[in-house]
Amino acid sequence: MLEPLRQGLPPLNLAAASDAASCALHARYEAVREARHFTRGTLDQWHLGDRFDDVCLVVSELVTNALRHALPANTPHLAAPEPPVRLHLMRWTERLVCAVRDPSDEGPVTREPEDLAEDCSAESGRGLFLVDSFSDSWGWHPLAGALSGKVVWALFRLPRP
């Protein structure tokens, strides 16, 4: 398990965010598609549609990991009263952060690059490698206070206006 990764993420003053949006995701197969649709609409609204491909790939991987690895085995795949996963998009002047909150306290596990190269036929295990490749930085941290679980985030630098 990785130690919480916070490097690369400057201190974030949530009150100073110029834009923020959030989407609740139920444990069902359509959740990743819903996250992509939400991301497309949000980025278009913020005039960041040109960043959609990279951001969407990262959002898809983070949400997929949360649904696949962070939910208890008995989580129903139908709509539950309280969605277990939440996608947050936050924009500052020169950066965009995608954050996925899930109920697990377990940190994400990355595979070593040489393991990925050896098992080129594997259909899974490359998600965090893609997140690392397409974002400027990423990491995770446990939630504090009344909330249990963790947040896995990815940062994208934006050009100066």
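Me: In what order do the five strands of the open sheet lie?
Reply: Happy to walk through it; keep in mind that this is a predicted model. Along the sequence the chain follows the pattern β-α-α-β-β-α-α-β-β. In the sheet the pairing is antiparallel, and neighbouring strands are turned by 15° against each other on average, direction ignored. The order is E1-E2-E3-E5-E4.

Me: How many bridges join E4 to E5?
Reply: These two strands run antiparallel. Within E5, alanine 154 has tryptophan 138 standing opposite. The number of bridges joining E4 to E5 is six.

Me: Which strands does H1 touch as it packs on the sheet?
Reply: The direction of H1 makes about 165° with that of E1.

Me: At what angle do helix H1 and helix H2 pack?
Reply: Two packed helices are described by the angle between their axes and the distance between the axes. Here H1 spans residues 31-45 and H2 residues 52-69, with axes 9 Å apart, and the crossing is right-handed. The angle is about 145°.

Me: How many nonpolar residues does the contact of H1 with H2 have?
Reply: H1 brings residues including Val32, Ala35 and Leu43, while H2 brings Phe52, Val55 and Leu67, among others. By class, three residues of the contact are polar and two are charged. The nonpolar residues number ten.

Me: Is serine 104 buried or exposed?
Reply: Serine 104 sits in the loop between E3 (95-102) and H3 (113-118). Leaving out residues up to four places away in sequence, serine 104 touches Ala70, Gly149 and Lys150. Its relative accessible area is 12%, and the cut-off for burial is under 20%. Serine 104 is therefore buried.

Me: How far apart in space are leucine 143 and serine 104, C-alpha to C-alpha?
Reply: Leucine 143 lies in the loop between E4 (137-142) and E5 (150-157). Beyond its neighbours within four places, leucine 143 is in contact with residues including Gly149 and Lys150, and serine 104 touches Gly149 and Lys150 too. Leucine 143 and serine 104 are 39 residues apart in sequence, and in space their separation is 9.8 Å.

Note on methods:
Residues are numbered from 1 along each chain as its sequence is written. This is a predicted model: local features need pLDDT of at least 70, side-chain atom pairs count only at pLDDT 80 or more; totals for chains, interfaces and linings use all residues. Side-chain values use heavy atoms; hydrogens and water are left out. Helices (H or I, at least four residues) and strands (E, at least two) are DSSP runs, numbered from the N terminus. Buried means under 20% relative accessible area, exposed over 50%, partly exposed in between (1.4 Å probe, protein chains only). Contact means heavy atoms within 4.5 Å. Axes are lines fitted to C-alpha atoms, for helices over the stretch in contact, and angles run from 0 to 180 degrees between N-to-C directions. A crossing is left-handed if the near helix is turned anticlockwise from the far one by less than a right angle, and right-handed if clockwise. Ala, Val, Leu, Ile, Met, Phe, Trp, Tyr, Cys and Pro count as nonpolar, Asp, Glu, Lys and Arg as charged, and the others, Gly among them, as polar. Two strands pair if DSSP finds at least two bridges between them.
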